[in-house]
Amino acid sequence: MKFTKDQLERYSRMLALSDFSLKDQEALQRTTVTVVGAGGLGCPTLRLLTALGFGTVRIIDHDVVELSNLQRQTLYRVEDIGKPKAKAAADNLARLNPDVKFEPILDSINERNAVKLVEGSDIILDGLDTIAARHAVNRASVKLRIPYVYAGALEYYGNITTFIPERTGCLYCLLGTARDDPQRTCSTVGVTPVILNVIASIEVQEALLLATGKEPHLAGKLMYVDMRTLSIDSFEIHRNDACPVCSGNHQDGSEATKVSTSDEITVSALCTNSFNIIPPKNLSLDLESIGERLRVSHKVKVSGLFLSVELEEGITVTVMKKGTAVVKGVTDPDEALRLYKSVVEM
Ligand SMILES: [Zn+2]
């Protein structure tokens with residue numbers, strides 16, 4: 001693999017490091033890394049991966065940019081509000097490093113699609129905000145034998161570990177059937193951008209080590225960072241020999257992580273008064289004609305990939321062409337489902 005003069009200049013400060021060679025830079029260029037979630041953790045992670053010159057960066061996110069994101073999700077600009085994050089992230093990152101190939105996927109990762117969405121990647125990095133979605137990623141990681149750097153942050157705290165299938169335990173070994181606590185999300189208890197950047201930096205350091213064939217620091221170790229006291233601790237974690245996900249005992253525990261389903265449509269709670277809706281199959285919606293119907297009485301924005309409609313003040317539904325959607329401004333999942341159905345005419 002030959003680097004151009006510009007590329008050698010671009011990566012010169014990495015190549016000047018005593019333990020980072022041209023071979024390592026080539027290894028990064030050959031690596032496909034998937035970042036699941038382009039929010040608070042995903043944004044700084046994506047920015048670093050792109051700047052470092054990872055070859056292919058896949059970005060999976062179903063959400064749209066909103067004003068309250070901009071305090072920490074600094075990949076986005078005011079003009080990106082209302083756009084799908086995966087697309088806005090890829091567009092903005094391409095301007096940072098045109099060497100990188102981006103694969104934006106406007107979808108919500110879940111038990112049904114996780115394997116398909118992460119297939120072909122060499123490393124999975126966590127930018128998620130629910131345990132349910134992380135369990136889906138974990139199962140795909142174990143099944144496809146792809147290392148998964150798990151990370152999470154809330155308030156001033158964060159934790160992180162690297163799961164390497166067949167070597168370490170997995171997320172289910174660590175968390176078991178723990179569920180999301182709806183009382184503790186970033187919109188209720190807050191999160192500082194500082195902890196997100198610290199945890200994202202550690203994620204990328206693990207990805208650098210994995211991609212260049214070196215030993216990651218956090219395989220079998222959970223690191224805990226507290227920015228309120230500026231303390232960092234880590235402790236060993238172990239494989240659970242009876243784990244239904246990674247021990248070969250194949251009741252895979254997926255029932256424990258499902259939120260709710262109705263008519264095969266999955267409705268799951270997101271961070272702010274909002275819900276993610278996933279239909280059982282690709283609906284291939286005709287967004288233009290839905291837009292025409294709704295435009296009579298509502299404010300509607302249609303781009304090739306998505307449609308966003310304000311049904312009432314503060315209540316918006318954003319639908320992707322394949323039928324997945326985000327309903328914002330409601331507190332009740334049944335109400336979210338009803339609004340979704342009224343938009344797509346189900
Ligand atoms: Zn396990």
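Ala, Val, Leu, Ile, Met, Phe, Trp, Tyr, Cys and Pro count here as nonpolar, Asp, Glu, Lys and Arg as charged, and the others, Gly among them, as polar. Keep that colour scheme for the tour. This is a predicted model: local features need pLDDT of at least 70, side-chain atom pairs count only at pLDDT 80 or more, and totals for chains, interfaces and linings use all residues. Residues are numbered from 1 along each chain as its sequence is written, and side-chain values use heavy atoms, with hydrogens and water left out.

**Stop 1: the domains.** Select 31–236 for domain 1 and 259–344 for domain 2; such bounds come from an automatic or database domain assignment. Their C-alpha centres lie 25 Å apart.

Stop 2: Show the strands (E, at least two residues) and helices (H or I, at least four), which are DSSP runs numbered from the N terminus. Eight strands form an open sheet with mixed pairing, in the order 3-2-1-4-5-6-7-8. Two strands pair if DSSP finds at least two bridges between them. The edges are strand 3 (101–105) and strand 8 (231–236), each pairing on one side only. Now pick strand 1 (32–36) and strand 2 (56–60): they pair in the parallel sense over five bridges. Valine 35 has isoleucine 59 of strand 2 as its bridge partner.

**Stop 3: the cavity.** On a 1 Å grid over the protein atoms alone, a cavity is a set of points where a 1.4 Å probe fits but cannot get out; a pocket is an open set with protein on both sides within 12 Å along at least five of seven lines; lining residues have an atom within 4 Å of a point. Select Phe163, Cys170, Leu174 and Arg239, which are among the residues lining the largest cavity. Its lining has five nonpolar, four polar and one charged residues.

**Stop 4: the second largest pocket.** Select Ile81, Gly82, Lys301, Ser308 and Thr316, which lie nearest its centre among 16 lining residues. Strand 12 (299–302), strand 13 (306–312) and strand 14 (315–320) each give two or more residues to this lining. Domain 1 and domain 2 each supply at least three.
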